[in-house]
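An explanation in running paragraphs is given below the display.

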Amino acid sequence: MTPTLAPLPASLPDAVPFVGPETLERQRGAPFRARLGANENGFGPSPLAIEAMRRAAAEVWKYGDPTNHDLKAALADHCGCAPGNIVVGEGIDGLLGLAVRLMIAPGDRVVTSAGGYPTFDFHVTGFGGELVRVPYRDDRQDPAALVAKAAQTGARMVYLCNPDNPMGGWHPPEVIEAAVAALPADILLILDEAYAEFAPALPRIDPADPRVLRMRTFSKAYGMAGARIGYALGAPQVIRAFDRVRNHFGVNSVAQAGALAALGDTAHLAGTVARVAEARERIAAIARDNGLEALPSATNFVAIDCGRDGDFARAVLAALGEQGIFARMPWVAPQNRCIRVSCGPRDELDAFAEVLPGALAVARG
């Protein structure tokens, strides 16, 4: 006899949502020339954040503040709410897992978009939830259809990403506000706003509304993906519940110091948003130069329509990888006709522009 897994994890596939670029580099035996597949911010974090983390590293022998007091106070001021409306966690991925753990029992239904963020699906199945999927509409998630399906199926939770990953689309505030207005009282909306800083505008949602949990991160616009730090905004009674299940020392002291400094460096954030906008235009131009169409984006990446089907896009992606360009693609049709390219520094986009024509030629045979 040997120890065995509990029935639920034993029933799950032996897999993870993403294969990291480091794994792919080990497989190919060489580093990538351009790291454009994980929607990281290649322009880097604020110099103030780097210096704050350097100072904090000297005291890393201490546990980080488990209440995240200083950061929560700064975030409350930044978001126009009270500290009791905020919980800090190990990035949005960690907070999604905690939210699902809090709300979803085995057999509970959860509504999401077909082809949306796989990590959320990973958490739902990991806690025994039943996923109900709604198709994209015009290459964007469909807020009204998601809420309607949740009400129809008796779901406990509905997930919406705006701006959207993996397609980059964005719904204006009034569309999201209408979806929230139609949300039944007993359903929790997870509104993933990982790309909020790149959006033209964000919805107005009462932070005291217990039906909505908004997720934000320092991984994208703030350039701190490796620090694993994000936060959620919600009603105090929902936020307090996280203390029942969260890892109280999960957000390390170095990450807290960096996030606090990054939040205060508004000039660096504005510069990053401008550089990302320029990179989006460059990626769109590269696509046009190769006879392809770039989809509108309100994020730090661009989905490029390769004009055929998922098999063709997959062949383009493989050919890019062989030439040292790390990119990714949506995983459900018809969105998988696209490849997804992160905004990055000029030299990395130059490498992408150099390699793409040959990758298309290889894919076309």
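The model is predicted, and the description begins with the contact between helix α3, residues 47-57, and helix α10, residues 253-264. Because angles over 145 degrees count as roughly antiparallel, α3 is roughly antiparallel to α10. The crossing of α3 and α10 is right-handed. On the α3 side, the contact is formed by Leu 48, Ala 49, Ala 52, Met 53, Ala 56 and Ala 57. These residues meet Ser 253, Val 254, Ala 257, Gly 258, Ala 261 and Ala 262 of α10. By class, the contact of α3 with α10 comprises ten nonpolar residues and two polar ones, with no charged residue.

A second contact joins helix α11, residues 266-289, to helix α13, residues 346-364. Here the axes come within 10 Å and cross at roughly 10 degrees. Angles under 35 degrees count as roughly parallel, and α11 and α13 are therefore roughly parallel to each other. From α11, the residues in contact are Ala 279, Arg 282, Ile 283 and Ile 286. Their partners in α13 are Arg 346, Leu 349, Asp 350, Phe 352, Ala 353 and Leu 356. The contact of α11 with α13 holds seven nonpolar and three charged residues, and no polar ones.

Attention now turns to open space. The largest pocket has a volume of about 660 Å³. Its lining consists of 29 residues, and those nearest the centre of the pocket are Phe 18, Ala 38, Asp 93, Tyr 117 and Lys 220. Which elements each supply at least two residues of this lining? They are α5 (91-103), α6 (118-126) and β5 (157-161). Of the elements, α5 gives the most to the lining of the largest pocket, with four residues. The lining as a whole divides into eleven nonpolar, ten polar and eight charged residues.

The structure holds three cavities of 30 Å³ or more, and about 40 Å³ of space lies in the largest cavity. The lining of the largest cavity is made up of Val 88, Gly 89, Glu 90, Leu 98, Arg 246, Asn 247, Gly 250 and Val 251. Three of these lining residues are nonpolar, three are polar and two are charged.

Terms used:
Residues numbered from 1 in each chain as written. Predicted model: local features only at pLDDT ≥ 70, side-chain atom pairs only at ≥ 80, totals over all residues. Heavy atoms only, no water. Axes fitted to C-alpha atoms, helices over the stretch in contact; angles between N-to-C directions. Parallel < 35°, antiparallel > 145°, perpendicular 65-115°, else oblique. Left-handed = near helix turned anticlockwise from the far one by under 90°. Contact = heavy atoms within 4.5 Å. Nonpolar A, V, L, I, M, F, W, Y, C, P; charged D, E, K, R; others polar. 1 Å grid on protein atoms, 1.4 Å probe; cavity = no way out; pocket = protein on both sides within 12 Å on 5 of 7 lines; lining within 4 Å. Points joined across faces, edges and corners; volume = space filled by probe spheres on them.
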